[in-house]
Each structure stands twice: as C-alpha cells, then as structure tokens.
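Hello,

Here is the model I promised to pass on, with my notes below it. Please have a look at the structure first and then read on.

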Amino acid sequence: MTLEEIITKLDLKLLTQPKDFSHISPSSGYASDLLSCVMAGAKQKGLWVTLQAHNNIIAVAALLELHAIIITENAQPDAATIQRANEQDITLLSTPLQTFAVTGKLWEMGLRDA
C-alpha cells in the first residue's frame, strides 16, 4: 500500500509540500502522543499517528526516518513546524478523525507491523 492510497482513502489533508506519494510504501504504523514512546517503539519508514502538532514531532520523525505524520482531531502545526517538516522531508497530514479511528482504518487497509 502506498502513501498516496492512504491519503486518498482516509481523505487526509496535505500540510507540507506535495511529492509523488505513489512510490512511498510505509512499512508499519505507530500511534502515540508521547515522544519518548515513539522514539522507542516506532519503526523506520513507518507512519506516526498523533494529536501532537508542535515542532518537536519533526525531530522525532526525522530521527526515525518516518514517511509521514498523521495529525488527528484537526490539530494544526504552526508555519514554523510546517517549514521545518519541508526542510527535513517529513510529510505532515491532517484529519478531523480521532487517533483511534485513524489507526483502525489503517489496520483495516492492511497496514501492520513490519
């Protein structure tokens, strides 16, 4: 499954610069709002689902080489966070759905641990 399919099926809003998402295939997913848990538990090249929208999420995603962060409940990062995400090549996506709903939909779509 590609990131393009995930964006389309979950009707996610792209917050960062567009790119060809049809060649990006996340290998796993992780959901947490605690940065330390994400650093310990998320796998490289995966997706991160969180309510957090502050600048520190970019550092964590870059450290883990995550393909994207899905920010839930319409939480919106500020312009500096979006700019930093673009600089680090981290895709930020937004949805009005709660984290629980997003993770359930990703599971139904077949995204599992690598």
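Helices (H or I, at least four residues) and strands (E, at least two) are DSSP runs, numbered from the N terminus.

Before going further, a word on the basis of these notes. This is a predicted model, with residues numbered from 1 along each chain as its sequence is written, and local features need pLDDT of at least 70, while side-chain atom pairs count only at pLDDT 80 or more. Totals for chains, interfaces and linings use all residues, and side-chain values use heavy atoms, with hydrogens and water left out.

**The sheet**

Five strands form an open sheet in the order E1-E5-E4-E3-E2, with mixed pairing; two strands pair if DSSP finds at least two bridges between them. The edge strands are E1 and E2, each of which pairs on one side only. As a reminder, strands of a sheet pair through backbone hydrogen bonds, either parallel or antiparallel.

On the E5 side, Ala68 stands opposite Thr91 and Ile71 stands opposite Ser94.

Which residues cover the two faces of E4? Ala68 and Ile70 lie on one side and Ile69 and Ile71 on the other, and all of them are buried. Here buried means under 20% relative accessible area, exposed means over 50%, and partly exposed is in between (1.4 Å probe, protein chains only). In a regular strand the side chains alternate between the two faces of the sheet.

Within H3 (residues 56-64) you will find Ala59, which is partly exposed at a relative accessible area of 36%.

In E3, have a look at Thr50. Thr50 is buried, at 0% relative accessibility, and a polar atom of its side chain lies 3.2 Å from the backbone oxygen of Ser32. A polar contact is a pair of N or O atoms within 3.5 Å; within protein, one must be able to donate a hydrogen and the other to accept it, and residues adjacent in sequence count only if both atoms are side-chain atoms.

**Charged side chains**

There are two salt bridges in the structure, a salt bridge being a side-chain nitrogen of Lys or Arg within 4 Å of a carboxyl oxygen of Asp or Glu.

One of them joins Asp89 and Lys19, at 2.7 Å from N to O. Asp89 lies in the loop between H4 (79-87) and E5 (91-94) and Lys19 in the loop between E1 (13-14) and E2 (29-31), so this pair ties together parts that are 70 residues apart in sequence. Asp89 is exposed at 53% relative accessibility, whereas Lys19 is partly exposed at 31%.

Glu65 and Lys45 form a salt bridge as well, with the closest N and O atoms 3.2 Å apart. Since Glu65 sits in the loop between H3 and E4 (68-71) and Lys45 in the loop between H2 (35-41) and E3 (47-50), the pair ties together parts that are 20 residues apart in sequence. Both count as partly exposed, Glu65 at 40% and Lys45 at 37%.

The charged end of Arg112 sits over the ring of Trp107, 3.8 Å from its centre. That term requires NZ of Lys or CZ of Arg within 6 Å of the ring centre and within 35 degrees of the ring normal.

**Two backbone angles**

Most residues other than glycine have a negative phi. Asp11, however, has a positive phi near 55°; Asp11 is in the loop between H1 (3-9) and E1 and is exposed, at 66% relative accessibility. Glu73 also has a positive phi near 55°, and Glu73 is in the loop between E4 and H4, partly exposed at 42%.

Best wishes
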